[in-house]
Amino acid sequence: MAILVTGGAGYLGSHTCVELLNAGYKIVIVDNFSNSKPESLKRIKNITGKDFNFYNIDILNKDSLREVFSENNIDAVIHFAGLKAVGESVEAPLKYYHNNITGTIILCEVMEEFNVNRIVFSSSATVYGVPETVPILEDSTLYATNPYGRTKLMAEEIFKDMYKSNPNWSIALLRYFNPIGAHESGEIGEDPNGIPNNLMPYITQVGVGKLNELMVFGNDYATSDGTGVRDYIHVVDLALGHLKALEKVMQEPGVEAYNLGTGKGYSVLEMVSAFEKAFGGNIPYKIVERRAGDIGECYADPTKAKQQLDWFATRGIDEMCKDSWRWQSKNPNGYAKDLKLV
């Protein structure tokens, strides 16, 4: 039996694959490298000392996906594959709906063909839209403020309908907040294409000299210092949450949503200050206009995950920043080591 990991070469996927292999699971990875690099697969093997089957395919290609299932005895799926930039989704909504929704539907159709009905889905806290209250509970009102978030919310609804139609399905919907950090080895981490969309890789690229200054999107939110507040969670804690969710779906059918977060919120400027301690220097920044689709404050109540999955985050903000900087300083150009700094 093997666990299929879609998007397993990406930031979240690669860290989860490391934890799966270390825990003794056999894995199969599919990825089309739209948000990842082949080098990450080599490093997963280096870290774990273990091999796995890999397929360079797009899950929109149904025939290729069928081939993966026919050649491997898949027992469950962890589904990361998807486009993930909020700003880009506002500019190119059809691209996001087609890729994220259609890809998920095709994956589920193939799973049904091969009688595989256990899945852990990579959802997002964006399904809560502008939260009515914080911290956010799983039964909070669901609505999204941007196309990316709507693709996650629509996928969740698809999974819920699938369970209603076939109660043999076992589905965990993991709504994660803001993953940062990197593996303690510094071998794998977040390696975005072009200008980073997320805060921490933006900060680390300023630290390493690739970018001149951090753009802080808005300082007029109703927060302590006017900048956006988020629940930042170490990517390894997040990866371990997937293993706990996998154990859950392997044991019993059903569909449940879980927040994966720390339960604490930090503003952008607080994150800059925390990183400066790990970096040992100053990070210059510039206040610019808010980004379309962004919200002011968002952090989790992770109680349900602790109670039902026996999972909780153990790594604090200092460790997140230290591991982020270790990754970036060891890999100033991410996985493209041959490039010169610009």
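**Reading helix pairs and a buried residue**

Guide: In this predicted model, the axes of helix α7 (residues 199-208) and helix α11 (residues 317-330) come within 10 Å and cross at roughly 55°. Angles of 65 to 115 degrees count as roughly perpendicular and those under 35 as roughly parallel, so α7 is oblique to α11. The crossing is right-handed.

Visitor: Which residues of α7 and α11 meet?

Guide: From α7 come Met200, Pro201, Thr204, Gln205, Gly207 and Val208, and they meet Cys321, Ser324, Trp325 and Gln328 of α11. Sorted by class, this contact has five nonpolar, five polar and no charged residues.

Visitor: At what angle do the axes of α5 and α6 cross?

Guide: Helix α5 (residues 93-113) and helix α6 (residues 147-165) have axes that cross at roughly 20° and come within 9 Å. Because angles under 35 degrees count as roughly parallel, α5 is described as roughly parallel to α6. Their crossing is right-handed. Among the residues in contact are Tyr97, Thr104 and Cys108 of α5, with Met154, Ile158 and Phe159 of α6. The class count here is 13 nonpolar, three polar and one charged.

Visitor: Is His79 buried or exposed?

Guide: Buried means under 20% relative accessible area; His79 has 1%, and therefore is buried. This residue lies in strand β4 (residues 74-79).

Visitor: With which side chain does the side chain of His79 make a polar contact?

Guide: The partner is the side chain of Thr104, at 3.0 Å. Thr104 also belongs to the α5 side of the contact with α6. Not counting residues up to four places away in sequence, His79 touches several others, including Ile59, Leu107 and Phe121.

Conventions: Residues numbered from 1 in each chain as written. Predicted model: local features only at pLDDT ≥ 70, side-chain atom pairs only at ≥ 80, totals over all residues. Heavy atoms only, no water. Axes fitted to C-alpha atoms, helices over the stretch in contact; angles between N-to-C directions. Helix = DSSP H or I, 4+ residues; strand = E, 2+ residues; numbered from the N terminus. Parallel < 35°, antiparallel > 145°, perpendicular 65-115°, else oblique. Left-handed = near helix turned anticlockwise from the far one by under 90°. Contact = heavy atoms within 4.5 Å. Nonpolar A, V, L, I, M, F, W, Y, C, P; charged D, E, K, R; others polar. Buried < 20%, exposed > 50% of the residue type's maximum accessible area, 1.4 Å probe, protein only. Polar contact = N/O pair within 3.5 Å; in protein donor to acceptor, adjacent residues only side chain to side chain.
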